[in-house]
Amino acid sequence: MKEGIYLNLNKNYRFYIDGMWEESKSKEVIKIMSPYKDELVGTVQAISKDEADKAIQSAKIAQKEWEKLSIRDRGNYLYHWIEELEKSKEDIATTIMQEVGKGFQDAVKEVERTIDLIRFTIEEAIHLYGESMLGENFPGGNRSKIAISHRVPLGVVLAISPFNYPVNLSAAKIAPALISGNAVVFKPATQGAISGIKMIEALDRAGLPKGVLNVVTGHGSVIGNYLIEHQGIDMISFTGGSGTGKRIAKLANMIPLVMELGGKDPAIVVKDANLDLAAKQIVSGAFSYSGQRCTAIKRVFVDEMIADELIEKLSEELKNVTIGSPEENKMIVPLIDQKSADFVQSLIDDALEKNATLITGNQREGNLIYPTLLDHVTPNMRLAWEEPFGPVLPIIRVKTVDEAIEMSNQSEYGLQASIFSQDIDQAFIIAEKIQAGSVQINGRTERGPDHFPFIGTKGSGMGTQGVRRSIESMTREKVTVININ
């Protein structure tokens, strides 16, 4: 991290509408405080409904001309975006670190991953060909009809991103939307908005035509419902909490939705598992970025015959976990805010009050919670079911694999799961029975690579993401039939 990188602290960041960076006429700003320092990172605009409306109308108008460009012409703008992101990579990474408390090296990797995602999105879109069909292939048909199908944009996409990956998960919505001919109204998470704005500053420098993308920031209580219910929005891509996702689904006026929500991702460790491998993957999966990942491992089901051995290995692995400041690239860093830390602590306290066994952890300094491992967690404890979004891992002992599967499937969530077994046949059988969008075998739960399908079931979301699937979700198929007389 270069010296002098903090020069932009306390800057007032503007919102982006019709190609211009503006201050809100509301004269209100939102303070963004560092999660690991008592320090103001900067302020963002608290825009009004009128300004949100103008952003949507600007996108609506610009989309008509943007759609007319060829995929390669649209791709050229995104290639220029990549160039600008490369130039400002360290500055953006530093902002991510300051604003959401992610380790600096991990923040750099997030920007680099974003660059790779945008490049892959361009290449994938270029190779999405249409198709033709002959009428004669259907019984009773003949060659007098030929159908030609291709994909067309939906219009204006509302992209709502979370705090934990403020650049990568934003670009995962924006790049597929733009390359496929949509315009975008981008609403970043409030904590994470400055990182999102800096990413869009790079896109602005790339020369994107005005109005094709607009950035709106503000209080969800003021503009949240207004954006979701607005008649000018043609599709919503949202990543965030399940409660908010359910509210969006109720308000969205039957427009297409793709949502990535919460999770309670289990790791199932069977008798024949490689416990050294399982311990490494579980600790990495549960505690990276303090567990502030929807795909974090959030509970472990282990056969009671090997539970003691696994816990011993997990304890050893936890000794290598670093704790402290993201500026020092620690694995465990302060949670995003005090409220989040209070919630995690309440789950730990509830489990201990109900006779869970503390293996390690349960130390706290403000919103920094030390990695906490709890054994003998039972179904009557909140930690068995609720998503902590923090560095606490419950161990649930089971007598059989079927018991682990049953408890996994009782969850309201269904994002991902991990299975640790050296018997690949058994692992596949378990995977088939688990109610989750993705199942990892002998690896931690995680998103990506970004071209893999990414799916949430039950309370974990709807629709499919992943580069190609995202492009498809932001377009619709259109068929033209030629009649030959």
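Tutor: Before we begin with this predicted model, note that helix axes are lines fitted to C-alpha atoms over the stretch in contact, and that angles run from 0 to 180 degrees between N-to-C directions.

Student: At roughly what angle do the axes of helix H3 and helix H6 cross, and how are the two helices oriented to each other?

Tutor: The axes of H3 (residues 89-100) and H6 (residues 193-205) come within 8 Å, and their crossing is at roughly 165 degrees. The crossing is left-handed. Since angles over 145 degrees count as roughly antiparallel, H3 and H6 are therefore roughly antiparallel to each other.

Student: Which residue forms a salt bridge with Glu260, and where in the chain is that partner?

Tutor: Side chains of opposite charge can pair when their charged atoms come close. The pair in question links distant parts of the chain, 187 residues apart, with Glu260 in strand E12 (residues 257-260) and its partner in the loop between strand E22 (438-441) and strand E23 (454-455). Both residues are buried. With an N to O distance of 2.4 Å, the partner of Glu260 is Arg447.

Student: Is Ile395 buried or exposed?

Tutor: Ile395 lies in strand E19 (residues 392-398), and its C-alpha atom is separated by 7.3 Å from that of Val302, 93 residues apart along the chain. Buried means under 20% relative accessible area. Because its relative accessibility is 0%, Ile395 counts as buried.

Student: Which residues make the nonpolar surface patch that includes Ile482?

Tutor: Ile482 is found in strand E27 (residues 475-483) and is partly exposed, with a relative accessible area of 39%. The patch covers about 230 Å² and is made by Ile148, Ile482 and Ile484.

Methods
Residues are numbered from 1 along each chain as its sequence is written. This is a predicted model: local features need pLDDT of at least 70, side-chain atom pairs count only at pLDDT 80 or more; totals for chains, interfaces and linings use all residues. Side-chain values use heavy atoms; hydrogens and water are left out. Patches are made of residues with over 30% relative accessible area and no salt bridge: like charges are joined within 9 Å, nonpolar side chains (Val, Leu, Ile, Met, Phe, Trp, Tyr) within 5 Å. Accessible areas come from the Shrake-Rupley method with a 1.4 Å probe; for residues, only the protein chains shown count as cover. A salt bridge is a side-chain nitrogen of Lys or Arg within 4 Å of a carboxyl oxygen of Asp or Glu. Helices (H or I, at least four residues) and strands (E, at least two) are DSSP runs, numbered from the N terminus. Buried means under 20% relative accessible area, exposed over 50%, partly exposed in between (1.4 Å probe, protein chains only). Angles under 35 degrees count as roughly parallel, over 145 as roughly antiparallel, 65 to 115 as roughly perpendicular and the rest as oblique. A crossing is left-handed if the near helix is turned anticlockwise from the far one by less than a right angle, and right-handed if clockwise.
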